[in-house]
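Visitor: Hi, I'm new to this one. Can you walk me through it?

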Amino acid sequence: MTEPKSSDPADPGARLALPETPLQGAPPQATLDRLSARFEAEPPAAVAGEAEAVAHAWPDHPLAWLVLAMCRQRQGDHAGAVPAFERVLALRGEVAPVLVNWGVSLRRLGRIDAAVAAYRRALAVVPDHAEAMRNLAAALLHGQRWADAVPVAERALALAPASAEAAANLGQAYRRTGRLAEAEAVLRRALGAGGGGLPGLRRELIYTLKDAGRLTEALGEGARAAAAGAHAGLAADEWVLLHLTAAAWDGLDAWEARATAALDRPDGGIAPFTGLLMGLAPARQARAARAMAARYRPMSPLPAPSPARTKAMAKAGQRPLVIGYLSADFHDHATAWLLAEVLETHDRTRVAVHGYSYGPAAGGAMRARLAAGVDRFVDLAGLDDRAAAERLARDGVDILVDLKGYTRDARPGIAAHRPAPLAVNYLGYPGTMGAAFIDYLIADAWVVPPGDEGAYDEAVVRLPHSYQPNDRRRRAAETAPTRAQLGLPEAAPVFCCFNNPFKIRPPVFALWMRILRAVPSAVLWLYAPQGEAAANLRRSAAAAGVAPGRLVFAASVDQGAHLARLAHADLVLDTWPYGAHTTASDALWMGVPVLTCPGEHFPARVGASLVAACGLDDLIAADAEAYVATAVRLGRDRAALKALKARLASALATAPLFDTPRYVRHLEAAYDAMWQRAVQGLPPGAIDVPIDPPVDPAADQDPAGR
């Protein structure tokens, strides 16, 4: 879900703040008066030309430079506004409103650290400058410096108690630091005081309720706002995601129609991740991604990498390539669970492996393992996008691998600064980023079939077998709970889906109910971290003629415990248009077959990729009817299901999906092919990596030790 944005508006007092002292060689007063009058009355595009002419004719007079800076800022030309503001400051010194506006443009360019410094300079001049304090809090929030933002946001609200923007910023700061009750109190107090006219205020309250697990209240808050004629603050696609997360499907179709219609507006767009959950047609999904990528256009690229270094790398024997893996998820997270062994297995004669983390510096065994598995591990959490990009550039990264795309807490602004010659979209986000600053997408022939390349702005690189890596060293807990302890019947068939509820859509759920009605002894084992989703799914089951008790819900546990409990599942039922990814490979690794039905685009086809890479092509259903028929057949025929599980167990030792050394050779071949195109002066182009011979598991590690 797209996060609420903190508020950092420009300071309208900046232009009036400059004292008009006589200057030698100053423009005629009539010129200044006309320029001031035009700035007040006309669109900035109409005034900028004259402001620039006056500024260059009288370069030592600050007013024309300030008008020019403000015009550029209002036009969205922040790269042009920054030097004009800096010229004003050089001529007039520390003027607080000018510093505030300078900070706004710096922040819009992704230069959060510089913006923070600008606001602090303004506060050094005027310690109680409310606008500077509020914008400082907003910049810290934009930079994901949640703890630092709290005292600043508290002070900003104290300086301007009636400011709805300041209250929204403080609510977000409290929410992001886990102080949900305090966040709710601040937000409700501001709404009660008449701040309901600011959409961001109610929007932040809805997010706070959502993070507290009070999904029904979050939905109700928006409904009450709409009934009162107020704006709830969430865009249509955010309402879609909220409904899906709660499995509250009433009204979902209407919200999805509104979200889709938003793509047709010139200024419209939706969160690309939500578009994937909605199953947008590939062309529309690409449009959503491009609209998101457009937000990063103001990010100015760093100076191009040294041509001498590129030529040196092109020479024979100049190894290794420097691969920089960039993510917020270097901790106990699905991406880390998949990638850990890849980082450890990379051939250091071919690649140098750097890990760049901008997420929480969580401790634990996984964080330690990831840090130990790379040649250089760098925590970027305290740096803004540009400073982070500069660090990658100084480290000589050749290929930047973005592991987040447009998922929660992603920072595409780092890649937007082009810190490396090549950038790759890999693993964390199953779709196009629609961005000129991303060159390649790692895929396979299942997730992006030949002929579908036009739906992706990146050049498509297909790995043999599956695009998804896996960690053979992950282990189930030594002691598994019993079926009774998990709430499962002892002898009944257990259909399973551990996808997040937001991947469950009404049409697929209806198919599941058909399966349960046809296999009356079976249960459906699901994951629902928030109880309201479980309650809504049970109500939907009852409405479909299935006893609600036949839906059993699993708690959130650590990975080892999760893998251990999978022994009690008989068959995983995949979802679409966004299917199981890590949850599917977890199940396969533990010997549980996965039944899937590939859809139209990447996230709906991952299940087929994984199942095929385990030699279970017969579990790839041609359509919904075949999906139901296969599930029913296996649910009724325990012997057939047992034989299927035995076939999977015997295939694991040689399945390409779990042959990590072989996978890594393919991935490194892909990096080589990308780099060779670059050093030859060729643009990014499609690459199909040939199949390498398998690796003898006995020579490395026997996967049967899981």
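Guide: Helices (H or I, at least four residues) and strands (E, at least two) are DSSP runs, numbered from the N terminus. This is a predicted model, where local features need pLDDT of at least 70 and side-chain atom pairs pLDDT 80 or more, while totals for chains, interfaces and linings use all residues. Residues count from 1 along each chain as its sequence is written, and side-chain values use heavy atoms, leaving out hydrogens and water.

Visitor: OK. Where is Pro 577?
Guide: Pro 577 sits in the loop between strand 11 and helix 26 (582–589).

Visitor: Switching to sheets: in what order do the 8 strands go?
Guide: They run 3-2-1-4-5-6-7-13, as an open sheet with parallel pairing; strands pair if DSSP finds at least two bridges between them. Strand 3 (376–379) and strand 13 (687–688) are the edges, each pairing on one side only.

Visitor: How many bridges link strand 7 and strand 13?
Guide: There are 2, in the parallel sense, and strand 7 covers residues 459–463. Arg 462 has Asp 688 in strand 13 as its bridge partner.

Visitor: What about the sheet with 5 strands?
Guide: That one is open and parallel too, in the order 10-9-8-11-12. Its edges are strand 10 (551–554) and strand 12 (594–595), each with pairing on one side only. Strand 8 (residues 494–497) joins strand 9 (residues 523–527) through 4 parallel bridges, and Val 494 has Val 523 in strand 9 as its bridge partner.

Visitor: Which strands does helix 24 lie across?
Guide: Helix 24 (residues 531–543) lies across strand 9 and strand 10, at about 165° to strand 10. Angles run from 0 to 180 degrees between N-to-C directions, and axes are lines fitted to C-alpha atoms, for helices over the stretch in contact. Helix 28 (residues 624–636) lies across strand 8, strand 11 (571–573) and strand 12, at about 160° to strand 11.

Visitor: How do helix 13 and helix 14 pack?
Guide: Helix 13 (residues 236–245) and helix 14 (residues 252–262) pack at about 150°, with axes 8 Å apart. They are therefore roughly antiparallel; angles under 35 degrees count as roughly parallel, over 145 as roughly antiparallel, 65 to 115 as roughly perpendicular and the rest as oblique.

Visitor: Which residues meet there?
Guide: Among them are Trp 239 and Leu 244 in helix 13, and Trp 255 and Arg 258 in helix 14, with contact meaning heavy atoms within 4.5 Å.

Visitor: And helix 5 with helix 7?
Guide: The axes of helix 5 (residues 96–108) and helix 7 (residues 130–142) come within 10 Å and cross at roughly 15°. That makes helix 5 roughly parallel to helix 7. Val 100, Val 104 and Arg 107 of helix 5 touch Glu 131, Ala 132, Asn 135, Ala 139 and His 142 of helix 7.

Visitor: Last one: how many salt bridges?
Guide: The count is 51, taking a side-chain nitrogen of Lys or Arg within 4 Å of a carboxyl oxygen of Asp or Glu as a salt bridge. One of these joins the side chains of Arg 87 and Asp 60 at 3.0 Å, N to O. The pair links distant parts of the chain, 27 residues apart: Arg 87 is in helix 4 (residues 78–92), and Asp 60 is in the loop between helix 2 (44–57) and helix 3 (62–74).
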